[in-house]
Amino acid sequence: MGAERTAVIGVGQTRHVSARHDVSIAGLVREAAQEALDDAGLDWGDIDAVVIGKAPDMFEGVVMPELYLADALGASGKPMIRVHTAGSVGGSTAIVAAKLVMAGIHERVLTVAFEKQSESNATWGLSVAMPFQAPLVAGAGGYFAPIIRAYIRRSGAPDYIGHLVSVKDRLNALRNPKAQLHLPDIDLKTVQESMLLWAPLRLLDVCPSSDGAMAMVIGSEQAAAAAPGPVAWIHGTAMRSEPTMFAGRDQVNPQAGKDCAADVYAQAGITNPREDFDCAEVYVPFSWYEPMWLENLGFCPEGDGWKLTEAGATAFDGDIPWNPSGGVLSSNPIGASGMIRFGEVAQQVRERAGDFQVPLKTGKALGHAYGGGSQFFSMWVVGNTKPES
Amino acid sequence: MTRFVENSIVFPYKRSLGPVIGAFMTGLTEQRILGIRSGDQVIVPPLEWDPQTGAELDPDGMVEVGPAGTVESWTWVPAPSEQHPLGHPFAFAFIRLDGASTPLLHAVDTGAPDALRVGARVAPRWRGSRVGHIGDIIAFVPGEQPEVDGPDSGPAEAPVTMMDYNASITYRNPVPPVLDRLREASRDQRIIGQRCPVCERVYSGGRGYCPIDAVELGEEQDVDLPHTGTITNFTIVTPVQYPGQTETEPFARVFVLLDGTDVILPYQPVVELPVGEVRVGKRVAAAWAPPNDDIDDAGAMGGAYGHLIGWIPSGEPDVEDPDLVNRIF
């Protein structure tokens, strides 16, 4: 495509918690950004542009974060762009930042995504009565529960499959000091006995509500050469969208997700994702979305996703670990959650994932985010070797 | 003539203030206005980072300024709205407080615009009861001496770390004619759909166009839809509590496939159907409010179903069809 070779040269994130009352939103964002700059060995003046993302405005009542946060992110005299694609925004924000470098426009771009859920209530934000629309009054869980029910009936999956994911991701989170939920005693029984929130989803099948921020510095080949540590090369990026509601739409296995995966795999030379990746960080806010996305992303034939989960293929020591960081089920600062997926796979191929580092064989990993009513998808593939072109 | 309905969105957000803004707000409760040092500048109101360089500013470098200052620029507000700080005409002004390098934006209360000029000296009129909010200063008034309005309740007992931010917006929407037709028809216990003349798909809910063929659907496309159907899928919601939430117990929303059609009514309430008995394949019939009941505009605002208040079990045997569950739209 003639794009410039581009890499993640710095990664930073806050510790994710249910409420950060000690900092302002600006302070939260700044913490992640400063860590990413330090990691890249850069100062504020070295950054050419800033790209910021957050979840829908009503979630916090911050309508223009690009305006409010310009000084906190050292954006004076520089381009600053805000990206907005609901829950997938963290991923698409990173992709917009990467494209500014791929296009040869900038050398070093700071990208940041955040959410401070403690300042509001996301379920309220999703339930506001909008003119002339059937009110959802259900929050995200109420929206996705019928789709999960359709998946279970369609695939014939046993009812405990979702709970297995809930346990696995929380056990992974024990290795991640920045994850919000640390539940050392979690097991199948604890999940099965937790409160039923949106049948078939129980409390422990659902992501927490978090305050947190994620940041990355994306750099050119030249910037990567000057970086003090290892970098994660970007081998492919893709975004797709589709309308939320139309007659005949398959929400269990959305076309936009399949198309997005096919696009990013083609760019990165991926022909068998289960074998070609060392791990994946995939947006799984409700446990059942692991088997559903295993199928949507082509890790197995349609209908077989739950078998991979049940066999332990996606476990930390499985053949294709999914969400070794603990995933969205362990920390969900909504606007940042997609970028955390993208950043965690960068850390994996940089061998900087600490106690949840997976062994590198192919040196490639997949970062994934989705948002809205499964209508926005963003994905990238990163690797520890320079892409050919 | 186009009819309008009003919609309001209201939510009590919280803001955590952090070390710098928190200290500024705490200072206001003490009738002190604080700035922050950045090099040889004093920035007021204080910022956490230098706006030019992005460098972190040290909260220990906060200094008191004012209380009096000089008007650097101003604009007159002749007809204040509810959201303005004063209920009578006033000025918004840039006030450079003594000792500050940057101006503070606040209200100046002079009664009339001809009493104000660039270079005028002003001082704060403090609220007697202060909470740690920029509104603790009611306005600036001409002169050098600060004033307190009413009995002084003193400074905050503990440092101010949080602030309430009660956001609200009210706006008016034109009601599409098709929604009014649907609402009126619901009084006569009719469910109106619209058939696309190109693809012949039938849509519910008063969409007014076919999203596949991009064809506008008018009154001539209206068709009557049946009053019986089958639940294809559902969600049982355990309500999360937040300001404005009226639900306290788990409740159901169901997707109803209307008989003899391909039409799904999504997220429908149920009537006389306990949560535990909601299931895929259950047969239901429309439940109606009495025709003279006054269904407010929530009907139009909230889905255009008007007097159709939900779905009640019809008593027929369940439908056994493995594909039903896939019908969410």
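## Residue B:Ala55

Apart from its neighbours within four places in sequence, B:Ala55 is in contact (heavy atoms within 4.5 Å) with A:Arg30, B:Glu48, B:Trp49 and B:Asp50. This residue lies in the loop between β3 (41–43) and β4 of chain B; helices (H or I, at least four residues) and strands (E, at least two) are DSSP runs, numbered from the N terminus. With a relative accessible area of 35%, B:Ala55 is partly exposed, where buried means under 20%, exposed over 50% and partly exposed in between (1.4 Å probe, protein chains only). B:Ala55 and B:Ala93 are 38 residues apart in sequence, and their C-alpha atoms are 28 Å apart in space.

## Basis of the model

The model is predicted: local features need pLDDT of at least 70, side-chain atom pairs count only at pLDDT 80 or more, and totals for chains, interfaces and linings use all residues. Residues are numbered from 1 along each chain as its sequence is written, chains are lettered from A and ligands numbered from 1 in the order in which they are written, and side-chain values use heavy atoms, with hydrogens and water left out.

## Domains of chain B

An automatic or database domain assignment divides chain B into domain 1 (18–160) and domain 2 (171–326). Taken over C-alpha atoms, the centres of domain 1 of chain B and domain 2 of chain B are separated by 54 Å.

## Helix α1 of chain B

Helix α1 of chain B covers residues 18–29. At 1.5 Å a residue, its 12 residues should span 16 Å, and the 17 Å between its end C-alpha atoms agrees with this; the expected span is 1.5 Å times one less than the number of residues. Because 9 of the 12 residues of α1(B) are buried, the helix is largely enclosed by the rest of the structure. Among the buried residues are B:Val20, B:Phe24, B:Met25 and B:Leu28. The cover over the buried residues of α1(B) includes β1 (4–16), β2 (33–38), β4 (62–65), β8 (121–127), β9 (137–142) and β11 (162–174) of chain B.

B:Gly22 lies in this helix and counts as buried at 5% relative accessibility. Leaving aside neighbours within four places in sequence, B:Gly22 is in contact with B:Leu17 and B:Val160. B:Lys282 is 260 residues from B:Gly22 along the chain, and 57 Å separate their C-alpha atoms. Just after α1(B), B:Gln31 takes a positive phi of about 60 degrees.

## The second largest pocket

The second largest pocket holds about 1400 Å³ of space. Of the 40 residues in its lining, the closest to its centre are A:Tyr68, B:Ile21, B:Met25, B:Ile134 and B:Met163. On a 1 Å grid over the protein atoms alone, a pocket is an open set of points with protein on both sides within 12 Å along at least five of seven lines, a cavity is a set where a 1.4 Å probe fits but cannot get out, and lining residues have an atom within 4 Å of a point. Points are joined across faces, edges and corners, and a volume is the space filled by probe spheres set on them.

Elements that each supply at least two residues of this lining include α1 (25–40) and α2 (65–68) of chain A. β11(B) gives the most, with 4 residues. By class, the lining has 25 nonpolar, 9 polar and 6 charged residues; Ala, Val, Leu, Ile, Met, Phe, Trp, Tyr, Cys and Pro count as nonpolar, Asp, Glu, Lys and Arg as charged, and the others, Gly among them, as polar.

## Cavities

The whole structure has 5 cavities of 30 Å³ or more. The second largest cavity has a volume of about 60 Å³, and its lining residues include A:Gln13, A:His16, A:Ser331 and A:Glu344. Helix α13 (residues 334–349) of chain A contributes the largest share of this lining, 3 residues.
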